[in-house]
Amino acid sequence: MNNSDINIDNNTNDSLKINSKKLLWRKHSSHLPGSILLVSNSSELSTNQNTNRDNKNTNSASDGNSKEFFDYIFTEKNWTENLLTGDKTNTQDSIKENSKLETKFVDNSHNQDENLQNILENNINTEKEIQITTDKSVNNINNNNNYNDNTVNINNKEENISQNNITKESNINSDNPSLKEVKNNTSKSNNIINKENDSLNNNNNNNNNNNNNNSINTDNNKEFLIINEEKIKKGKEDKEEDKEEDKKEDKKEDKEKEEEKEEEKEKEEGKEEEKEIDTKNMEDNSEYSIHKIKQFEELLDTPNIDLVKLRKLSWSGIPKKFRPMVWQLLMGYLPRNQDRREVTLQRKRKDFADTANQAFSKGVAGLDYTLYHQIHIDIPRTNPSCSLYQNKRIQKSLERILYCWAIRHPASGYVQGINDLVTPFYYVFLSSYIDGDLETYDLDSIPDNVFEAVEADSFWCLTNLLDGIQDSYTYNQPGIHRQVQKLEEFIKRVDLKLYNHLKKEDVQFIQFAFRWMNCLLMRELKLEHTIRMWDTYQSEPEGFSEFHLYVCAAFLVKWSKQLLEMDFQDIMIFLQNLPTSDWTEKDIEILLSEAYMWKCLFHDSPNHIS
C-alpha cells in the first residue's frame, strides 16, 4: 500500500487550519457589529440547540462545549437587548458575563483547534501504523499466528479510530461552517481509511486464502512426504528383500557350483576308476545300453531262447545284470527251455555239492596232496591286483572248484593257468548276489549257500570251457603249441616287417605267446576287460580257440612300431609287461573288431596262412 493512498492531502490540512483561524478571529471580535451578527443568527442557533437537546443520540462528550457556546450566544443576546432598551446595569452585567463567556468560548475554540490537530495527527499516525502493520503482515504471511495477531491489532485500531472520529465529530456543531469542513475532511479521511481497510481486508482475505492454500499445499506436501516416506520405506524393504534374495541366490549358486565341482571331481574320479577294476564300467553307454537292455529282456523272456540271436546280441557286450544268465546259457550250463532251467540248475548244483563234500569230507588230509599243493600255491598268485581273490574265503572256494575239476578230469588233471580261467566266471556269478562293488564289499557277510551256488555255477561253466580247449591242458599241451605256430604264420602274412625283425633278434614266438594262449591274455589285461572279451568269445562258435588266435595276432601287431625299435632283451621285457593299464573298454572293442576282420579274411582261406 502506498503512502499517498493513506495520508490526507496537504490542501485539506491547510483548509482546516484556515477555517479554524477564521473562527478564532470572529470569536475574538467582541464589537457590537460582530455581536449583532451573532445575535442575528441566534434564532437559528436556538433552534439548533433545541434540536440538539432533543437528539438522544448526541454524544455526552459534546454537551459541555455546546452548552458554553449557547450560553455565550444567549448572553450576547441579553446584552444586546439591554443595550437597545437602555438598561445599563443589566448591560454592564451582561458585558462582564459576556466577556467571561467569550473567554471560555475562546478557550474552548483553542481546545477544539487542538482537538482537530490531534485528530489529524492521529489519522496520520494511524495510517503509518496501518502501513507498518500491513508491511509486517505481508512479511509474516507464512506465520499464521503472527498474522492473526496483526489482524486483531488492526481491527482494534480501526475500532479506536472510528470511536475517536465519532467522539470528535459529536463535539463539533454542524452549523459552524469551519466545523462542517472539518467534518467533511474527516469523512473524506475516513472514506480513504475505509477504502484502505477494504483493501487491507481484501489483502487479508487474499492472505487468508494464500494461507489456506499454503496450509492445503502444506497438508498435501505432508501427505506427499508421508507417501514418499512410505514408498522409500517400501523401497528400502524391497531392496533389503532383494538383497536377501540375492544372497540366497548367491548361496544357491555357490552350492550349485560346489555341487558341480563335486560332480566334476566325481567324474574325474570315475574316469580314474575306469582305469581300475570296476564292474560298473563293464556295461555299455547310455542310449545304446538302454536299447540293448530292452532287446535282452525281450529275448530272455521267451520260453525257448534262440541262441543264435543271443550270440549275435551278446557279441558287442552284455549288460551287467544279464551277464550271469547269458553266460550260463552260452556256455551250455542252462537249457534254452525256460521250464527246464530251475530243475537243471538244482540238479547241477546238487551234483557239485556232492562231489565237493565227498572230496573234502576228511579235510585236507583226505586229499591228493600233490594235486592240492599245486592248486594251493597257485591260488594266491591268481589275479594279485584284484583284492577279491586275496580273500581267504574266496581262495578256499576256488580251491574246491579246481580240485573237484581236476579229480573229475584225470586225463589232463590240473595245469597251471586253469586257476586264471575260473576267475571271470566266479566274479560274474558272485556279482549277481551282491548289489555293489565286490572290491569293497564285506565278503564275510555273504551266506554259505551263496558261495555254494557260485562254486557250482563256476565249476560247470569252467568244465564246458575247458572241454572245448582241453588239448591245451593235456600232456605237453599240444593245443597251445599248435596255436603259437598258427600265430607266427599269421604275423608273417599280415606284418612281414615285424616278423623279420623278431627273427633277426632271435625272438621265438613260444617265448611270449605261450602265456597268451594258456591264460587267454588274462595276465596282460585287466579282469573287467577280460570279462568284456569273454562276452564276444562266448558269442563266437570257437571263441576260446580259433577266434582267440586272431585276437592275439591283433594284439601283437598293435605294438609293432615300438617293437621294431627294440633289441632282443628290450622286446622280451616289453612283451612280458605290456602297457595296457590305461586301456579302456573302447580299446578292447577295437582289438576285437580287428580280430574279427582278420578272421573273416583268413579263417576260411587256410592257404593264406600255410
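A salt bridge is a side-chain nitrogen of Lys or Arg within 4 Å of a carboxyl oxygen of Asp or Glu. The legends below describe a predicted model.

**View 1. Arg532, Glu585 and Glu589 form a salt-bridge network.** These three residues are linked to one another through a network of salt bridges. Across the structure, the count comes to 16 salt bridges.

**View 2. Arginine 482 pairs with aspartate 471.** Their side chains meet in a salt bridge, at 2.3 Å from N to O. Arginine 482 sits in helix H17 (residues 478–494), while aspartate 471 sits in the loop between helix H16 (448–468) and H17, so the pair ties together parts that are 11 residues apart in sequence. Arginine 482 is partly exposed, with a relative accessible area of 41%. Aspartate 471 is also partly exposed, at 29%.

**View 3. Glutamate 546 pairs with lysine 486.** The closest N and O atoms of this salt bridge are 3.7 Å apart. Distant parts of the chain are linked here: glutamate 546 belongs to helix H21 (residues 543–557) and lysine 486 to helix H17, 60 residues apart. Glutamate 546 has a relative accessible area of 18%, so it counts as buried. Lysine 486, at 28%, is partly exposed.

**View 4. Glutamate 540 pairs with lysine 599.** In this salt bridge the closest N and O atoms are 2.4 Å apart.

**View 5. Tryptophan 534 sits in the largest nonpolar core.** This core holds 114 residues, and Leu310, Leu430 and Trp534 touch the most other members. Beyond its neighbours within four places in sequence, tryptophan 534 contacts residues including Trp327, Leu465, Met522 and Phe544.

**View 6. Arginine 311 lies in helix H10.** The helix spans residues 307–314. Arginine 311 is partly exposed, at 28% relative accessibility. Leaving aside neighbours within four places in sequence, arginine 311 is in contact with Leu330, Gln538 and Ser539. Its C-alpha atom is separated by 9.1 Å from that of valine 326, 15 residues apart along the chain.

**View 7. Asparagine 383 makes a side-chain polar contact.** Asparagine 383 is found in the loop between helix H13 (369–378) and helix H14 (392–408). The residue is buried, with a relative accessible area of 12%. Its side chain meets the side chain of threonine 423 in a polar contact of 3.2 Å.

**View 8. Cysteine 519 and cysteine 552 are buried.** Relative accessible area is 2% for cysteine 519 and 0% for cysteine 552. The whole structure has zero disulfides.

Note on methods. Residues are numbered from 1 along each chain as its sequence is written. This is a predicted model: local features need pLDDT of at least 70, side-chain atom pairs count only at pLDDT 80 or more; totals for chains, interfaces and linings use all residues. Side-chain values use heavy atoms; hydrogens and water are left out. A disulfide is a pair of cysteine sulfur atoms within 2.5 Å. Buried means under 20% relative accessible area, exposed over 50%, partly exposed in between (1.4 Å probe, protein chains only). A nonpolar core is a set of buried Ala, Val, Leu, Ile, Met, Phe, Trp, Tyr and Cys residues joined through side-chain atoms within 4.5 Å. Contact means heavy atoms within 4.5 Å. Helices (H or I, at least four residues) and strands (E, at least two) are DSSP runs, numbered from the N terminus. A polar contact is a pair of N or O atoms within 3.5 Å; within protein, one must be able to donate a hydrogen and the other to accept it, and residues adjacent in sequence count only if both atoms are side-chain atoms.
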